[in-house]
Amino acid sequence: MRHKKKKKRIKAHRVGHRKAIIRSLLISLFTHQRIKITVARAKEIRRLADRLISLAKQPTVHRQRQAIKTLQDRSLVKKLFTEIGPKFEHRQGGYTRLIRISPRAGDKAEMAILELTELIASKPAKLKKEEQVDKKPLLKKETKPEKEVKPKEKAKPKVKKPEGFLRGLRKYFRHESG
């Protein structure tokens, strides 16, 4: 019997394992703002994520220390208090959204998407080196001397593959040994 057992089971038998699972799911929720997990885990993570966002709405040192105690990641706590918390300042609750989706293919477990209701625009992807050169201001553009063009070397002749009987044997042994 589960008398006075308020915590839901999330397939973690030991307390340390349970805490580690919860911590990693919270970290991935706050970094990616949307995660796909089972419904039971989503309900448990939702409760804790809402509590952490409520802490982040008022940035005091004590509240930051409470968040660090749960997340154990100072850079993520900084993001929580500078970006995520102010985004939800006008809300009184309901910081996360739980969307049920089709069951998982392997074991038919009920799946859900857990996401923050106020999605924060992510930083643009890093530009490739060629694109970064084009984005520089025209005043600082330097002229580079042209490189000498070397004549192309002649292409090597292709080796003829054996035909007929030998070709079939090679094909047979290549597949057998791999």
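Helices here are DSSP runs of H or I with at least four residues, strands are E runs of at least two, and both are numbered from the N terminus. On that basis, the elements of this chain run α-β-α-α-α-β-β-α-α from the N terminus on. That comes to six helices and three strands. The model is predicted.

**Chain overview**
- The chain has 178 residues, and 26% of them are buried.
- Its accessible surface comes to about 15,600 Å². Carbon and sulfur atoms account for 54% of that surface.
- Take the contacts between residues at least 6 apart in sequence: 55% of them join residues at least 24 apart.

**The sheet**
- Three strands make an open, antiparallel sheet in the order β1-β3-β2.
- β1 (34-38) and β2 (96-101) stand at the edges, and each has a single partner strand, so one side of each lacks a neighbour in the sheet.
- From one strand to the next, the twist averages 25 degrees.
- Five bridges pair β1 with β3 (residues 111-116) in the antiparallel sense.
- Ile 35 has Leu 114 in β3 as its bridge partner.

**Helices on the sheet**
- Helix α1 (residues 15-32) lies across β1, β2 and β3. It runs at about 145 degrees to β1.
- Helix α2 (residues 39-56) also packs on the sheet and touches β1, β2 and β3. Its direction makes about 170 degrees with that of β2.

- The structure holds seven salt bridges. One of them joins Arg 34 and Glu 115, with the closest N and O atoms 2.6 Å apart.
- Arg 34 lies in β1 and Glu 115 in β3, so this pair ties together parts that are 81 residues apart in sequence.
- Arg 34 is partly exposed, at 46% relative accessibility. Glu 115 is buried, with a relative accessible area of 5%.

- Arg 18 forms a salt bridge with Glu 44, and their closest N and O atoms are 2.9 Å apart.
- This pair links distant parts of the chain: Arg 18 sits in helix α1 and Glu 44 in helix α2, 26 residues apart.
- Both Arg 18 and Glu 44 are buried. For Glu 44, the relative accessible area is 3%.
- Arg 47 also meets Glu 44 in a salt bridge, at 2.6 Å from N to O.
- Arg 47 and Glu 44 are three residues apart in helix α2, so about one helical turn separates them.
- Arg 47 is partly exposed, at 38% relative accessibility.
- Through shared partners, salt bridges join Arg 18, Glu 44 and Arg 47 into one network.

Definitions and conventions:
Residues numbered from 1 in each chain as written. Predicted model: local features only at pLDDT ≥ 70, side-chain atom pairs only at ≥ 80, totals over all residues. Heavy atoms only, no water. Pairing = 2+ DSSP bridges. Axes fitted to C-alpha atoms, helices over the stretch in contact; angles between N-to-C directions. Contact = heavy atoms within 4.5 Å. Buried < 20%, exposed > 50% of the residue type's maximum accessible area, 1.4 Å probe, protein only. Areas by Shrake-Rupley, 256 points an atom, 1.4 Å probe, with all protein chains shown as cover. Salt bridge = Lys/Arg side-chain N within 4 Å of Asp/Glu carboxyl O.
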